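The following exercises concern a single protein chain.

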Amino acid sequence: MARSASKVRKGRAATSAIGSGPWVSDNGNGTYKNPILFADYSDPDVIRVGDDFYLTASSFNCVPALPILHSKDLVNWTIIGHAVERLPARFNAVQHGNGIWAPSIRYHDGWFWIFVGDPDWGILMTKTKNPAGPWDPLHVVHEGKGLIDTCPLWDDDGNAYLVHAWAKSRAGINSILTVHKMSPDGTKLLDDGVMVYDGRNGVAPIIEGPKLYRHNGLYYILAPAGGVEDGWQLALRTKNPLGPYEAKRVLEQGSTDINGPHQGGWVDTQTGESWFIHFQDHGAYGRIVHLQPVNWVDDWPLMGVDNDGNGVGEPVATFKKPNVGKVHPVAVPQTSDEFDSDKLGLQWQWQANPKPEWYSLTARPGWLRLNAVAAPAGCHPDPVGGGPRSVVAAGAVFEGEHISSALWPVPNLLLQKFPAPNFTATTKLEFNPRSDDDTAGLVVMGEDYAALLVSRSTAGLDVKRVTCRKASEGNPETVDATTTVLGAADTTFSPLEGHPAAAGSWPHPRRTRRSASLHNSASPSTLSKPIWLRVSVEPEALCKFSFSTDGKKFTVVGSPFSARPGRWIGAKVGLLCLGTTGHADFDWLRIR
């Protein structure tokens, strides 16, 4: 592990402590609180192998894909890897909401298996002996449009089956479930499938996310219906995996504030207890994960607690922890990163397949270097107003400028999930702009986004708060406020002479012309002083951005921003560097 001397002297850990974080589900007294993961692990599925539990979730277009989490008690989780390091080449460009939908994870014949649907490709499978990876390349089990939410079952008689749902946006149908016979090696389907449940005509609208099990001599499909925000959980059962099935509602919101409750997976403990993990749609925070006790009543799974006696469970807010035979220490998914390793922390994902030249953890050991990468053609900042701007002293603020939507299609945004209802993310940055195109900063990304961006100007160094509403529709960014925070005396570069910003414009990221002062610069442009960037997220995902030049006193920039989810994912927080030739060095990102 590469470490910088300064970090060793300060005794900082390479990553956030395993048992600390902005959200801890374990109450420390033998009980837990929901959600067990206050983060966007959409469409979770879970298994137990021996004394270990493993969870995976949807990742859509984010890379690496298919996160793998590990737990000893179903309450305390950490990230141990990803099943897919790169998506197909079509994901070299950003494809919000496409890609990996609703996986299932199983253990069979000494292998860990994940089956998943790509709505534009078909049913895919990967497997491994080690859940931390590496996993085999994705194998196409069956090509087809709209085949989603796949789950296998290997029966005791040697036969294998696979259930899936349908995406209406691709297949033209939904609200039905189909079961196929599958080859025992999991590589292909053996028939055209049987429709085992029809939820159309109001019976169980938008039934999806099926998981297939065998329990006590019966076959079960657990599947949500009614939609992500207001739905419920159904159990279907039969004596034959190809049907017919009878159905019963087994979990609903009832009198609780847990809307949904949606897609998930059933698992048992070493001691014979049954539990159900599912997600709740929670707005900007994404699809957060809950844990419900399960009791079997007349061979039906009653999930949660039946508060009103109607035979249907309701979600619990707190409950006794699962009995796994031992007490295990508190653990939380990784968030903070000191960038002391030669690999990025497992919490990070890009918006598309990454390129090696985007970043380095070895160019300056102990720091993350993000190289300035030109934004895709057609999404560069452009002035649409704001008027002339003159050279000013440090501390001056400008408001009301507009530039076109820039970040929505940018692949090289390094992002991670919101980890709690309220938290603070702070990073220490040293910026090396080598052209007037270069900018770096801290972003909260979603269909609305906001960022705190650092760039070079005639006066020295500017910090700019930008906001974009409905970014997926190509709406323009608004520059809410700009502050010149480091003047020429605080930097080792000369201020830009004739910089376009002085005339109220903004440079094109693919621009090849450079200003004369930069093109003829005799030495690299580096800062002599660092800058700290921060976003404080409060309940209801209200974000306040601020900066500091000493790491102690922070100045708020712009008005509070209400985060929104992305396409099928929650809002994310992360780092960026755009431009042509410069780079930004990040000492760390800490989440508290």
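A residue is buried if its relative accessible area is under 20%, exposed if over 50%, and partly exposed in between (1.4 Å probe, protein chains only). The model is predicted: local features need pLDDT of at least 70, side-chain atom pairs count only at pLDDT 80 or more, and totals for chains, interfaces and linings use all residues. Residues are numbered from 1 along each chain as its sequence is written, and side-chain values use heavy atoms, with hydrogens and water left out.

**Exercise 1. Classify the burial of tryptophan 23 and phenylalanine 38, and describe the geometry of their rings.**

Step 1. Tryptophan 23 has a relative accessible area of 17%, so this residue is buried. Phenylalanine 38, at 7%, is also buried.

Step 2. Rings of Phe, Tyr and Trp (its six-membered ring) pair if their centres lie within 6.5 Å; planes under 30 degrees apart count as stacked, over 60 as edge-to-face and the rest as tilted. This rule gives 19 aromatic pairs. In one of them, the ring centres of tryptophan 23 and phenylalanine 38 are 5.0 Å apart and the planes stand at 65°, so the pair is edge-to-face.

Step 3. Helices (H or I, at least four residues) and strands (E, at least two) are DSSP runs, numbered from the N terminus. Tryptophan 23 belongs to the loop between helix H1 (5-10) and strand E1 (31-33), and phenylalanine 38 to the loop between E1 and strand E2 (45-49), so the pair ties together parts that are 15 residues apart in sequence.

Step 4. For a second pair, take tryptophan 113 and phenylalanine 115: with 6.3 Å from centre to centre and 15° between the planes, they are stacked. Both tryptophan 113 and phenylalanine 115 are buried.

Step 5. Trp23 and Phe38 also belong to one aromatic cluster with Tyr285, Phe418 and Phe423.

**Exercise 2. Which charged residue lies over the face of tryptophan 23?**

Step 1. A charge sits over a ring if NZ of Lys or CZ of Arg is within 6 Å of the ring centre and within 35 degrees of the ring normal.

Step 2. Lysine 33 lies over the face of tryptophan 23, at 4.3 Å from the ring centre. Elsewhere, the charged end of arginine 534 is placed over the ring of phenylalanine 554, 3.8 Å from its centre.

**Exercise 3. Describe how strand E31 is paired and whether its residues are buried or exposed.**

Step 1. Two strands pair if DSSP finds at least two bridges between them. Strand E30 (residues 449-457) and E31 run antiparallel and are joined by 9 bridges.

Step 2. Across the pairing, arginine 456 stands opposite leucine 461 in E31.

Step 3. In strand E31 (residues 460-468), 9 of the 9 residues are buried, so the strand is largely enclosed by the rest of the structure.

**Exercise 4. Examine the backbone at proline 35, proline 134, leucine 66 and aspartate 149.**

Step 1. Most residues other than glycine have a negative phi, and most peptide bonds are trans.

Step 2. Asparagine 34 and proline 35 are joined by a cis peptide bond, with omega about 0°; proline 35 lies in the loop between E1 and E2. The bond from glycine 133 to proline 134 is likewise cis, with omega near 0°.

Step 3. Leucine 66 has a positive phi, near 55°, and lies in strand E4 (residues 65-71). Its relative accessibility is 0%, so leucine 66 counts as buried.

Step 4. Aspartate 149, in strand E10 (residues 147-154), also has a phi near 55°. At 4% relative accessibility, aspartate 149 is buried.
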